[in-house]
Each structure stands twice: as C-alpha cells, then as structure tokens.
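Visitor: Could we walk through this structure together? I have some quick questions, and I may jump between topics.

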Amino acid sequence: MMILVDFPPPVERLLAAGDLKMPFSDTIKYCILGISVTLLLLALGILAWQAFRCFTHKHTEYAQQDTVNSELLYSDGKSTAAGNFSGSPSTQEVDVGMEVRRLSRCLSQTSLPSTISSQTDGDMLEQANIRKVTSGQVDGSLRFSVYYDQLQSRLVVTVLEVEGLVEQSQTRSLQPFVKLRLMREGSNGGELEGCTDDEGEGTSPVLWTVLQEWQTRIVKGSCNPLFGDQFSCVLSEDKELQHICLRMEVRDFDKFSRPTVLGEVRVPLGQLNMSYPLEQQEDLQTPQKDLVGEALLSLKFLPTSQRLEVGLLKVRTVLTEICSGAVTYARISVQCNQCKLRYQKTSAVARRMVTVFNEVLMFSLPELPLEQCKISVSLYETIMTTKSTKRLIGQLTVGKEKSVEDKHWSLMMSSVRQPIAKWHGLLI
C-alpha cells in the first residue's frame, strides 16, 4: 500500500518570487503616469474640438441652403403659398413643366446656368430635327461612283464611304452596311390599297422591277465607315438607263433583330453622264417604299371561336427572267392587342408572273375586343436546286389601330363569317 505525501516548496524559492520588484524608482513611475494622463486629456480635447467644428459647419451649410431654397420657392410660388395659408384647402392644377423647373432650381443653385444652356441646346436640336423631318433629310451622307462601259454594256457601281452617321443607341455601337437595288420603272400599278409605308407616307403608283441586289460588307463600330466595295452587272440595252434607278440604303446591322434603315439615296441613272467614272456625294433621305407587285388577300373573322382566317390567293409580280428552280413562299404573321402570334408559312410554289397559292391559314386570336390588329404578309423567293439564301420580294400590311383601320378590315368586320378578298400592293 502506497501513501502520497505533498512536500512544501523550498523556502528559498518563495522568498525569491516575493522579492520581485520594478527596476524603477517611485519618481519615474509617477512621471510616466502623469505623461499618460496628459496625452489622454489632449486626445479628448482634440476629439471634442473636431466634433464641435463639424457640427457648426453642417449647421451653417444647412441654414444657408434652407435660406436659398425658401427664397426660390417664395419667388416662384408667392401667390400659391398665400392661397394655401389663407382660407380652406382646395385642389389646384399645377403645370408639370413649371414644377419640374422649380424643383430643379431648388435642388442646386449652382446648376442654374448649365440647366439653362442645356435647355437652350435641346430646343435648338429639336428645331433642327423638325427641319430635317420636314425636308426629308436624315443625318449622314453617302459617297459613291458610277460608270457605264458602253462597249461591254456594263454598269459599275462603287460604294466608297458613308459620313456623319449618328449613334441610335447608347448601349451598342453602329454596324453600318449599304444595301443596293437596281430597279427598273414599269407600268402603273393602278389603285391599290396598302401602298403606304410604315410611317403612313404615300408611295408612287409606278410598278418597279428589281433587276439586281447587292450588299456591302459590315463595318463595326464606326460612324464614318469606309467601304470601297464594287459591283457590276450587264444591261441588255442602253435605252434601259432612262428607266433605271439606283437605290442605296444605309442600314444598321443587328443580329438579334431586323436591320434598321438609317437613310437612303436614289440616283436616276438616265440623268447622269456615266461615260467616265463619276463620283458623287449625296445626303441621306428619309426611306420610302416602292411598289413591286400586288397580292390578292382574303380575310374572314369568326367571332364565336375567336379565329381569323387569312387566305393568300394570288400574287402578281414582274419577272426579268424565269429560273427553273425559283420558288416562292409567303410568311404570314399576326399581332393583336400587343400580342404577337406565331407566324405561319405557305407551301413553296414555282414562281410565275401570276403565282397561284390558294392557301388559307388560321390564327387563334386573344381576348376580345380587338383594339389593335396587324396582319403582315412577306413574300420570299429562293432556289430549291442550290443552297441559296431567301430574297425578299415584297411585303404588305393590313389591320387596324385604335383610331384608324383599313378598308379591307372594315369590310371583314361588317361581314363576319364571310371571306372578303381584296388586292393589296406589295412594297419593298
């Protein structure tokens, strides 16, 4: 059996630990303590002084700002304030523009000169835009050259440069290119409904034929793009130059939507002396549509089932040459009450001067009543034997807006459940 006994520590070690003392005298200790207290009082004094300065500075600034704002408010609405504080409360009509200007002046007095100058610049810019719209001009100009070789009966067109374009959006840069169409004037198209473009502007009743189409390369991120692209074609007779017009459209490419037409230049070749390369620079004009054919369209409205039947019966265009593999099809889309329905396509038919489709497509409409409805028919041509891209022949639009509706739409709504057919112009 083992017994554990605790022995006390040695007496010498306890005495050594008790004798430990600071190696400073009492005088030095008191001096260090006094210096520490002095530094603490000094820091507290500096902190109190900075807090006092900050408080007095903010108070003075707010007082001045309140004085300025009260003076401006009093000068702008003296009569309104007097009316509000005397008599019973009443409802008053306030000009929104005046309130905006008054509040902008109250927010910052220093911004008054810049606000006035910016407002003046905005008014001048708006007046300049109005003058451009009334004159049919848009921003930018196109420099090009044309040459006609009489020995080879060849027309050569060179797109050189576009200058002075303006950014349409702040989120993306311009990607301009030029679309060229060589068009020949034909016979009159007669009285057709729908011979207006998207802006409601009237188009010429002359029927045009597209002889050639070209497109330049795309120049990314430039408002003054340089092209230098050259195109040529053979004209059968020199007399054709008197009836040929060169239409060049400056477009902005967008891979997520359709290209935007920035402006166009039309050059009647019969009025130019092209025996030598002739270089010209023309200002861009407002884009317009041309009549290139006509289509017989049938519409029928079924109110009970809320359906719309769109029938494409015939299409009449002018052919320059008949290609064995050329086929034509139509793409029909309907948009009602800001709701775009899924588009439908007709079957491909061999292209002739009078192409017969006789197809009816049915669309299910959204809720009634139909405040706005737009029917768009786009006619395309493609080559079945080769892997060629589609080419737009023409487009037409029928429908109604909130205040205006087409004659064809009115006839359809007055004769429900009955097909109503009418000729419409194809525009390009």
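Visitor: To start, what percentage of the residues of the chain count as buried?

Guide: This is a predicted model, and in it 34% of the 428 residues of the chain count as buried.

Visitor: And how many helices and strands does the chain have?

Guide: The chain has 6 helices along with 18 strands.

Visitor: Switching to pockets, how much space lies in the second largest pocket?

Guide: The second largest pocket holds about 830 Å³ of space, and its lining is made up of 32 residues, with V210, L211, T320, E321 and R391 lying nearest the centre.

Visitor: Which elements give two or more residues to that lining?

Guide: Those elements are the strands β4 (206-215), β5 (226-234), β16 (373-383) and β17 (391-400), and the largest share, 6 residues, comes from β4.

Visitor: How do the lining residues divide into nonpolar, polar and charged?

Guide: The lining of this second largest pocket has 16 nonpolar residues, with 8 polar and 8 charged ones besides.

Visitor: New topic, then: where does L235 lie, and is it buried or exposed?

Guide: L235 is in the loop between β5 and β6 (244-252), and it counts as buried because its relative accessibility is 4%, where the cut-off for buried is under 20%.

Visitor: What does L235 touch?

Guide: Leaving aside residues up to four places away in sequence, L235 touches Y148, S153, L155, L182, E240, L241 and I244. With L155, the separation is 80 residues in sequence, whereas the C-alpha to C-alpha distance is 7.1 Å.

Visitor: What about the rings, how many aromatic pairs are there?

Guide: The count comes to 3 aromatic pairs. One of them is formed by Y329 and Y380, which are stacked at 5.7 Å centre to centre with 25° between the planes. Y329 belongs to strand β11 (residues 326-336) and Y380 to strand β16, so this pair ties together parts that are 51 residues apart in sequence.

Visitor: Are Y329 and Y380 buried or exposed?

Guide: Both Y329 and Y380 are buried.

Visitor: Last one: which ring does the charged end of R331 sit over?

Guide: The charged end of R331 sits over the ring of Y343, at 3.7 Å from the ring's centre. In another arginine–ring arrangement, R316 lies over the face of W423, 4.5 Å from the ring centre.

Conventions:
Residues are numbered from 1 along each chain as its sequence is written. This is a predicted model: local features need pLDDT of at least 70, side-chain atom pairs count only at pLDDT 80 or more; totals for chains, interfaces and linings use all residues. Side-chain values use heavy atoms; hydrogens and water are left out. On a 1 Å grid over the protein atoms alone, a cavity is a set of points where a 1.4 Å probe fits but cannot get out, and a pocket is an open set with protein on both sides within 12 Å along at least five of seven lines; lining residues have an atom within 4 Å of a point. Grid points are joined across faces, edges and corners, and a volume is the space filled by probe spheres set on the points. Helices (H or I, at least four residues) and strands (E, at least two) are DSSP runs, numbered from the N terminus. Ala, Val, Leu, Ile, Met, Phe, Trp, Tyr, Cys and Pro count as nonpolar, Asp, Glu, Lys and Arg as charged, and the others, Gly among them, as polar. Buried means under 20% relative accessible area, exposed over 50%, partly exposed in between (1.4 Å probe, protein chains only). Contact means heavy atoms within 4.5 Å. Rings of Phe, Tyr and Trp (its six-membered ring) pair if their centres lie within 6.5 Å; planes under 30 degrees apart count as stacked, over 60 as edge-to-face and the rest as tilted. A charge sits over a ring if NZ of Lys or CZ of Arg is within 6 Å of the ring centre and within 35 degrees of the ring normal.
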